[in-house]
Amino acid sequence: MEIQLNELKTQALEKIAAATDVKELNAVRVAYLGKKGPITDLLKGMGKLPAEDRPKMGALVNVVREEVTERLEERMEILEEQAINEKLQSETIDITLPGRPVRTGNAHPLTRVVEEIEDLFISMGYEVEEGPEVEKDYYNFEALNLPKGHPARDMQDTFYISEELLLRTHTSPVQARTMEAKGGEPIKIICPGKVYRRDSDDATHSHQFTQIEGLVIGEDIRMSDLKGTLSVFAKKMFGDDREIRLRPSFFPFTEPSVEMDISCFKCGGEGCNVCKKTGWIEILGAGMVHPNVLEMAGYDSKRLTGFAFGMGPERIAMLKYGIEDIRHFYTNDVRFLSQFERTEV
Amino acid sequence: MLVSVKWLNDYVNTQGLPPAELGEKITRAGIEVDAVIDRSEGLSNIVVGYVEACEKHPEADKLSICQVNVGETVDQIICGAPNIAAGQKVIVARPGARLPGGMKIKKAKLRGEESNGMICSLQELGIEGKLVPKAYAEGIYVLPENAEVGTDVITNFHLDDTVLELGLTPNRADAMSMLGVAYEVAAILEEEVKLPEITYTEAEEEASSMLTVNVDSPEANPLYVAKVVRNIEVKESPMWLQQRLMAAGVRPHNNVVDVTNYVLMEYGQPLHAFDYDLLETGNITVRNAKTDETITTLDGNERKLSLHNLVITNGEKPVALAGVMGGANSEVSKNTTTVVIESAYFNSASIRSTSKEHGLRSDASSRYEKGVDPNRVIPAAERAAQLLAELAGGEVLKGSVIFDELKREEKVVTVSPDFINSRLGMKIRFEDMLDILNRLQFKTEAMNNQLMISVPTRRQDIQIEEDIVEEIARLYGYDEIPSTLPEAATTPGGLSPYQLKRRVVRHYLEGAGLLQATTYSLTSEKSATHLALKPTDLTRLLMPMSEERSTLRQSLLPHLLESVSYNTARRTDSVALYETGSVFLKGQDELLNEEEHLAIAMTGLWLDNSWQDEKKAVDFFVMKGIVEGLAAKLGVELEFERGEMDGLHPGRTAFLTLEGRRIGVIGQLHPTEQKNRDLKTTIVLELSLAELFAEPTEELVYTQVPRYPSITRDVALVLSKIVEAGTVEKLIRSAGGKLLKDVRVFDLYEGDNLEAGKKSVAFSLTYFDPEKTLTDEEVTAVHENVVQTLVESGAELRS
């Protein structure tokens, strides 16, 4: 019986070693250690042995069973690991295939520019004011020192709806309205919006475009304050090393009036195609609020003074991104719009 | 305004500055120089030639073979100009010469005949065709007989000059003349202004013996000066005068017309010359036009006049439209021997309205409109008389015939140096201010710390203290202004709730995958109310540029859909755009009711993961999901109500209502509309943001995260197809009571296994009690009640 037992052990250990996967090994387990297996049979057959041999034999069978079990488990561990490895191998994916896209949209480039400017001035304590696009002649012109018949009205070809009603030619009527509403109190506002001029559309002209204007009214507002404010704006918007220069100009609603150039952000002032070899780029018009404008809105122009400035987001976007045709802003070609997705911060 | 630098130097020394540098100085001081044009750019080796012989080319009808004396040699040159003839002095570009545009002249053979250069037109020297005298507009230019053969054309005929193109703002009418520019440059460069010296010999006879002047409208014409010049010879002007006019952008005609234009450019004072004999009456009467009166102006147009048009008449009929253009009936021609020179001051408003009414702007009217210098009216007339005596051999009659009621006092502006410095935020010294005012030739008197400044009449733009502030600042230099920030108390800036909500909408929609578009507010009459939520009467422009942009839109969708079509036509098949912008509705008010709307248009695929084979086309429910998400974001409850609208699919359209008000619409485009726009299935939305944002936002209140589990039960129903899921949902909710927390459709089936006209809808019901864990029995009791209610209402349970 002992011989028989050893043979069984040898056989079982051989089969364990030969098993190549979990399934085979399980078959070995059932074959040798199962309820109907030969080791169990041996244990069952112990009853036929003389009583004194039983303990010894029992111990022997247990030793064999333990050894087989131990070896089987060792083998099982190896084979299980092997099985996992095989599974992982078979589950390998091509990680170069494209990811599942997250659908995103983005703001129009003009919104992007306008909001950047809004946020910059909000951080300096400005409020955002808006007004109607169909405007009264009074707010668009008369309240801004442009009475009927004034030659400077020719500077802005106007779409009239009736003699007294028009499509605003600039966002300045919002300033006039705000001044009237504030009844002589200090003001610090920025006014973005759509404006209209009687122009034929081409690469550089659009009958509809956007403007953003600023107005500050208070005690002792000086031209140096305008220059300082515009300088902060230019640096934040176009880069810390931007310089500004003011050139005299004319707007009926400001006196003195200026135009502001910034040092070219492409060449830094050396001269390139963006700045047309001058080193400077014209960005906006500005000036000290004309006393007639203040008085018409009920302000005491001897006590309160102010400055105003205005610029065109289209022009800024065109310069900043090198956009060649203003009509792109209104055609809404997806291949154009979607280029303004990524952040620049 | 085009300013010849050579001509400018007649009045002010420009210190030999390179023109570009001079231009920069002028720009920095306030008048923008738009361009610096070198008139001789690209020109070399161009000489005076004498055509000794000229005969037809045997092989070409239009060509002539010329033997041209160019000084050293007589060269054969082939010329194609129709006006070439023997005996002419001409402009010859010799072999090796360069012409504008980089053209290089070489020896050549034309149809077998040798050609040693080119005989040039003025256009070939870079002069604009419209400025070339009419006689030479179609051929070569013929030089005066005294031109010296072989000499350089560029230097001898004043082409070695640079022109500064000034971009004048409406306030600087004073710079619409060479003298005005001279005053400006003199102030910048600290130089003197040299005025033209006017001397000529007068005849014994008085001008008044030949001419009388009456002014019936002194308001519109407070000053009228007429001079009479007789025995003149009308001919071509000398080259220097022609070239100066061309440099200034004026076409030379004859010496008389050229003199009036020259003085106009020099003084900024418009002049007009009448043929004295054609006036017939020896009288000039200035009056308002009569009803039904007409005049044929020099441009050949017959113009019907109205009562407020000011006209110059011979006492009977109009001979000129005052300040705008002369009449053909009194035009100076080569037969003219006696001329009347008019120099007048016309009221700017009168000229402006007449010029506008007749759509006629001339060099004269554009100056009158902005106001001329009252103190130059008489000197300009004298200057013209002098030039006519010199250049046309005329005899100037003694004195002038004058009507004069014009006040020409200088405006006095009083300002304190402190005011100037406080407005600028600077500390300019008093002496420096005085120096600048001196340079501008403004007379000043200082008294009690106040400056009393007499402003010359040429500077009518200077009216108030702030104007003086600008004059001081621009000549002192804007670079000298320091940079400061307003010293007032800081204020909290920010966006209004409305503006913040607009940004919330923008971020939400972009997160949902939509691109922001911007379209035009002006549209055609036809599209103005198409797909409009609340169409009103149309708002049309008085003078549209085109029918396409004639009317204000009442809906954003037509243009947004145009943008979608634009993209699909360019093979971008999936497009999802949104726009926020105003629509313009007629209301009670004088102003329009401008309402901000949101529009969305989508076509093609919503989801497209090609290699994973996951595709989902846009449909009504994609749009509905976007709107529901938006409403949730804004904390408002939108209701969807079946409806119909022209242009939308009648079975796939819903109106959006908020608190019972209809504020929007979503739907699929009608197949016909889609076909017309060349679109596949397209879903649209338009929603009034103004209405949506007007709803007050409720405070956000936190509810405790549930401590007890919820229990879910499903119910599948077979319903008639016409029964809407929303109706059933409402029924479920009311039957479920307060334990029913949520109802969700999780399956819809309309297939073969069902009876015709039926559909199966499955709902998932979530029950929850915030106070305790619900028992199975409690849920079952409520759920049975729900099922019972449904069955009683006609629904069939699906097994």
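**A walk through chains A and B**

Let us start with distance: the centres of domain 1 and domain 6 of chain B, taken over C-alpha atoms, are 86 Å apart. The domain bounds come from an automatic or database domain assignment. This is a predicted model, in which local features need pLDDT of at least 70 and side-chain atom pairs count only at pLDDT 80 or more, while totals for chains, interfaces and linings use all residues. Residues are numbered from 1 along each chain as its sequence is written, chains are lettered from A and ligands numbered from 1 in the order in which they are written, and side-chain values use heavy atoms, leaving out hydrogens and water.

Chain B, then, is divided into domain 1 (2-39 + 162-189), domain 2 (44-156), domain 3 (202-404), domain 4 (411-476), domain 5 (497-694) and domain 6 (711-797). Its C-alpha atoms fill a box of roughly 130 × 85 × 60 Å along the principal axes. The radius of gyration of chain B is 41 Å, whereas a compact globule of 799 residues would have one near 28 Å. That radius is taken over C-alpha atoms, and the globule rule is 2.2 Å times the number of residues to the power 0.38. Along chain B you will find 21 helices and 43 strands; these are DSSP runs numbered from the N terminus, with helices (H or I) of at least four residues and strands (E) of at least two.

Now turn to chain A, which has domain 1 (2-90) and domain 2 (109-340). The C-alpha centres of these two domains of chain A lie 92 Å apart. Helix α4 of chain A spans residues 53-90 and holds Glu70(A).

Two backbone details of chain A deserve a look. Most residues other than glycine have a negative phi, and most peptide bonds are trans. Asn145(A), however, has a positive phi near 65°, and sits in the loop between α6 (137-140) and β3 (165-167) of chain A. Further along, Glu255(A) and Pro256(A) are joined by a cis peptide bond with omega of about -5°; Pro256(A) belongs to strand β7 (residues 254-263) of chain A.

Finally, where do the chains meet through Glu130(A)? The side chain of Glu130(A) forms a salt bridge with that of Arg502(B), at 2.9 Å from N to O. This pair crosses between chains, from the loop between β1 (127-128) and β2 (134-136) of chain A to helix α14 (residues 497-511) of chain B. A salt bridge here is a side-chain nitrogen of Lys or Arg within 4 Å of a carboxyl oxygen of Asp or Glu, and over all chains the count comes to 75.
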